[in-house]
Amino acid sequence: MRKMPTLILILLFFIGCEDNRDIAIRSNSNINEVVTSDIRYYDFYYNLMSDTTVDSSSTWHLSIQRIGVPYNNTTYTMPCVITGSNYLAEYTDIVFDSLDAVPETFMEDYYTDPTLIQYGGSNVIIDYDMTIHKMSIKNPERVFVLHNLTNQVFYKLQFIEYNSGVVYFKYQLLETLIG
């Protein structure tokens, strides 16, 4: 009978941990992870609001398109991230999981030149290393904030990996809007 209180305390501990784990899973459940089709052959268009791949004539917020890049009298197609008319800012000092509000400096931080994130731009996302002939995500730890101007919502994005024409990225709606 003396072991009963000890057993109850142990059970409460495990039951309490179980509840906390469920809360953590639910709080992360609204992070959307996306694996694209092979962008070496097909352009990719994505609607962040509906979490779906769409065609170019539909509403899209993020696209990866093959852009012609001239090099030594030849034009090569390079995959480039395009955000349409949405605003995009880059943050290297923020961790994706810890960002839960739009940075106060967003309106000063967003790119006024959308080509900066395309191949050859100073903030390129998908880069090509000519020395080893390999495409990759440049600085995958970077976090981007995209402002959808049409619906006045913000998303945080992180491009994780490029492998054989397939891009893996994640995003999440930011609930807090800047004032």
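User: Which residue in strand 11 does valine 34 stand opposite?

Analyst: This is a predicted model. Strand 1 and strand 11, residues 166-174, pair in the antiparallel sense over 4 bridges. In this pairing the residue of strand 11 that stands opposite valine 34 is phenylalanine 169.

User: In what order do the 5 strands of the open sheet stand?

Analyst: The pairing in this open sheet is antiparallel. Strand 1 (32-35) and strand 6 (87-91) each have a single partner strand, so one side of each is left without a neighbour in the sheet. Neighbouring strands are turned by 25 degrees against each other on average, direction ignored. With those two strands at the edges, the order is 1-11-10-9-6.

User: Is threonine 83 buried or exposed?

Analyst: Threonine 83 is found in the loop between strand 5 (74-82) and strand 6. Leaving out residues up to four places away in sequence, it touches Trp60, His61, Leu62, Leu88, Ile117 and Leu146. Buried means under 20% relative accessible area. Threonine 83 has a value of 6%, so it counts as buried.

User: How many Å apart in space are tyrosine 155 and leucine 48, C-alpha to C-alpha?

Analyst: Tyrosine 155 lies in strand 10, residues 153-163, and is buried at 4% relative accessibility. Among the residues it touches are Leu48, Met49, Phe144 and Tyr171. Tyrosine 155 and leucine 48 are 107 residues apart in sequence, yet the distance between their C-alpha atoms is 8.3 Å.

User: What kind of aromatic pair do phenylalanine 44 and phenylalanine 169 form?

Analyst: The count comes to 13 aromatic pairs. In this one, the ring centres are 6.5 Å apart and the planes are at 80 degrees. Phenylalanine 44 is in strand 2 (residues 44-47) and phenylalanine 169 in strand 11, 125 residues apart; both are buried. Planes over 60 degrees apart count as edge-to-face, and this pair is edge-to-face.

User: What kind of aromatic pair do tyrosine 87 and tyrosine 110 form?

Analyst: Tyrosine 87 is in strand 6, and tyrosine 110 is in the loop between helix 2 (106-109) and strand 7 (126-129), 23 residues apart. Tyrosine 87 is partly exposed, at 25% relative accessibility. The ring centres lie 3.8 Å apart with 5 degrees between the planes, and the pair is stacked.

User: Which residues do ring pairs link into a cluster?

Analyst: Phenylalanine 169, which stands opposite valine 34, belongs to the cluster. So does tyrosine 155, a buried residue. The members are Phe44, Tyr46, Phe144, Tyr155, Phe159, Phe169 and Tyr171.

Technical notes:
Residues numbered from 1 in each chain as written. Predicted model: local features only at pLDDT ≥ 70, side-chain atom pairs only at ≥ 80, totals over all residues. Heavy atoms only, no water. Pairing = 2+ DSSP bridges. Axes fitted to C-alpha atoms, helices over the stretch in contact; angles between N-to-C directions. Buried < 20%, exposed > 50% of the residue type's maximum accessible area, 1.4 Å probe, protein only. Contact = heavy atoms within 4.5 Å. Phe/Tyr/Trp six-rings, centres within 6.5 Å; stacked < 30°, edge-to-face > 60°.
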